Amino acid sequence: MGDAPLTAVIVPAAGRGERLGPGAPKALRTLAGQPILLHAVRNLATARDVDVIVVAVPEEAVEESRALLAGIEMPITIVSGGDTRQDSVARALLALPPEVDVVLVHDAARPLVPAEVVDRVAAAVRGGAEAVIPTLGVVDTIKEVDGEGVVRATLDRSRLHAVQTPQGFARDLLQRAHAASDGGDATDDAGMVERMGATVHVVPGHEEAFKITRPLDLVLAEAILVRRRASGGVG
Ligand code: C5P
């Protein structure tokens with residue numbers, strides 16, 4: 001690989017996917033006939049500025065995942081994930097080659113992320129931002145509700161952003177954030193670096209980078225793949 005700085009993508013894919021209903025771990029469930037993880041990693045591998053990929057999967061799925069991703073032309077390391085997303089990311093960080101100086105973290109559960117979003121995040125970090133997240137404006141009005149089911153506040157929608165992945169970081173910053181919060185269960189890496197006092201920049205996300213969480217999301221994802229295939233794109 002030489003000494004040139006590299007960009008890595010860490011793919012947390014070790015979740016159980018219980019909100020999708022009973023079955024295999026979410027990343028190994030199929031979408032248009034292929035596992036979600038394969039869609040996600042293949043998409044990431046087409047991005048311009050991605051050199052290596054590290055995937056965290058459930059321990060019992062390591063061998064199966066290695067075989068699944070073997071045909072993708074990119075150095076891919078598979079590690080066993082942890083009990084929380086944060087733990088899975090921390091384990092993947094340990095497997096990064098030394099030449100990596102920019103790290104993106106991308107949920108396997110967002111398999112249809114367009115390569116342009118990956119490149120936008122990577123370019124912003126390469127351009128000097130220490131932390132970058134893709135976001136979309138929210139379409140619903142969001143209210144803060146207390147434990148009694150009573151509305152406490154209506155938030156100003158124009159200032160709210162829904163956050164997607166990949167989130168991009170200077171490697172050193174992300175590693176320090178994980179070292180500082182050993183054993184937590186952050187659902188978002190940017191939140192961890194915010195707590196370190198880092199400045200997190202926003203770039204435009206994409207509707208198709210949505211997270212597959214509930215059964216209806218699978219229906220939407222399959223429809224997008226059908227449309228992409230009909231227009232000659234890869235799925
Ligand atoms: O549960 P949620 O959808 O927020 O998970 C986001 C991502 O984190 C998914 O890609 C999931 O596979 C991953 N994850 C993980 N290890 C866990 C829990 C979640 O890698 N223990």
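View 1. A polar backbone atom of threonine 84 is 3.3 Å from a nitrogen atom of the ligand, while a polar backbone atom of alanine 13 is 3.2 Å from an oxygen atom of the ligand. On its own the ligand has 460 Å² of accessible area, and the protein covers 85% of it, with areas taken from the Shrake-Rupley method with a 1.4 Å probe. The model is predicted, so that local features need pLDDT of at least 70 and side-chain atom pairs count only at pLDDT 80 or more, whereas totals for chains, interfaces and linings use all residues. Residues are numbered from 1 along each chain as its sequence is written, and side-chain values use heavy atoms, with hydrogens and water left out.

**View 2. The shell around the ligand.** The ligand is surrounded by 15 residues, and the closest are Pro12, Ala14, Gly15, Ser88 and Lys211; a residue is near the ligand if one of its heavy atoms lies within 4 Å of it. Sorted by class, this shell has five nonpolar, four polar and six charged residues, where Asp, Glu, Lys and Arg count as charged, Ala, Val, Leu, Ile, Met, Phe, Trp, Tyr, Cys and Pro as nonpolar, and the others, Gly among them, as polar.

**View 3. The largest pocket.** The ligand sits in the largest pocket, meaning that more than half of its atoms lie within 2 Å of the pocket's grid points. A pocket is an open set of points on a 1 Å grid over the protein atoms alone, where a 1.4 Å probe fits, with protein on both sides within 12 Å along at least five of seven lines, and its lining residues have an atom within 4 Å of a point. The largest pocket holds about 850 Å³ of space. Its lining has 35 residues, of which Ala14, Gly15, Arg16, Arg19 and Arg85 are the closest to its centre. Helix 3 (residues 85-93) gives the most to this lining, with four residues.

**View 4. The second largest pocket.** About 460 Å³ of space lies in the second largest pocket. Among the 17 residues that line it, Leu136, Gly137, Ala162, Gln164 and Phe210 are the closest to its centre. By class, the lining of this pocket has nine nonpolar, three polar and five charged residues.

Note on methods. Polar contact = N/O pair within 3.5 Å; in protein donor to acceptor, adjacent residues only side chain to side chain. Points joined across faces, edges and corners; volume = space filled by probe spheres on them. Helix = DSSP H or I, 4+ residues; strand = E, 2+ residues; numbered from the N terminus.
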